[in-house]
Amino acid sequence: PELQGRTSYRVHDVLLDFARAELRATGTLTDVQRLFVKTLRGQCVNGEWDITSSTCQKDYYFKYLPYHIFYSEQYNELLQLFFDFYWLEQKVKQIDLPALILDFRILDTPSHEIKLLKSSLMLSADVIEKNPDSIGPQLQGRLLSYVDEYPSVNKLLDRVRETCTKTCHLLPLFSCLQPVGPLVKVFTRNINASVYSLTTFNSLTGTIVVSGLENGLVKLHQLEAGM
């Protein structure tokens, strides 16, 4: 709906909390979330955007669609989204890889294939952040040995091959990279001096890596997102 020619509005947190409480009390919060997800989905069908969609609407779509699907209690649809290569690729290109990796936090008890996908993205971060088009070959090289075990992985890599054979010069034919292992994360952002000390601690938002640099700076990084 439009109000004074506008289709998006800013609402104070107090009003949002009140609205959520009222919807929970009447048992309609999930229904509202499902209606909102349907509206979001309607903006982009089969990768084609509505001609009226603005840049802000696209940003919101890629940033918050998993959140709204989760709170609409459409859990199977959320899992399908995580194994949708179009979604993974476009989220990296439209937002960034750390935002994609942080989406996985929304799952309380992730399945093994979800853990494999997340760890593959984390280990590939250094490459993907430099070249977002490399997300397909990286996933192919890390997950190919799991296609017989997990249908969702098989479907994902089928889509990778279908898409990347048109855009990539090299695509792995066999599993040549590891999805898990002793290496957890490569940090390159804002590291412009030798690292003299390194430690970790757990916080409400996950594991935090603390680095002490040669130039006297102390920097904090989120382990999962690398930020």
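Predicted model: local features only at pLDDT ≥ 70, side-chain atom pairs only at ≥ 80, totals over all residues.
User: Is Q140 buried or exposed?
Analyst: The relative accessibility of Q140 is 2%. A residue counts as buried when that value is under 20%. Since 2% falls under that cut-off, Q140 is buried.

User: Which backbone oxygen does the side chain of Q140 reach?
Analyst: Leaving aside neighbours within four places in sequence, Q140 is in contact with L157, V160, R161, L171 and P172. For one of these, P172, the side chain of Q140 reaches the backbone oxygen at 3.0 Å. The residue that owns this oxygen is P172.

User: Now for the rings. How many aromatic pairs does a search of the whole structure find?
Analyst: Rings of Phe, Tyr and Trp pair if their centres lie within 6.5 Å. Searching the whole structure with that rule gives a total of 10.

User: Why is the pair of F70 and Y71 edge-to-face?
Analyst: The ring centres of F70 and Y71 are 5.0 Å apart, and their planes meet at 85 degrees. Planes over 60 degrees apart count as edge-to-face. The pair is therefore edge-to-face because of its angle, 85 degrees.

User: Which residues do ring pairs link into a cluster?
Analyst: F70 and Y71, the edge-to-face pair, both belong to this cluster.

User: How many residues apart are F82 and F104?
Analyst: These two buried residues form a stacked aromatic pair, 4.6 Å centre to centre with 15 degrees between the planes. F82 sits in helix α4 (residues 75-82), while F104 lies in the loop between α6 (97-103) and α7 (112-123). The pair links distant parts of the chain, and its separation is 22 residues.

User: Finally, the chain as a whole. What percentage of the residues in the chain is buried?
Analyst: The chain has 10 helices and 5 strands, and it exposes about 14,000 Å². Of its 227 residues, the buried part is 37%.

Conventions. Residues numbered from 1 in each chain as written. Heavy atoms only, no water. Helix = DSSP H or I, 4+ residues; strand = E, 2+ residues; numbered from the N terminus. Buried < 20%, exposed > 50% of the residue type's maximum accessible area, 1.4 Å probe, protein only. Areas by Shrake-Rupley, 256 points an atom, 1.4 Å probe, with all protein chains shown as cover. Phe/Tyr/Trp six-rings, centres within 6.5 Å; stacked < 30°, edge-to-face > 60°. Polar contact = N/O pair within 3.5 Å; in protein donor to acceptor, adjacent residues only side chain to side chain. Contact = heavy atoms within 4.5 Å.
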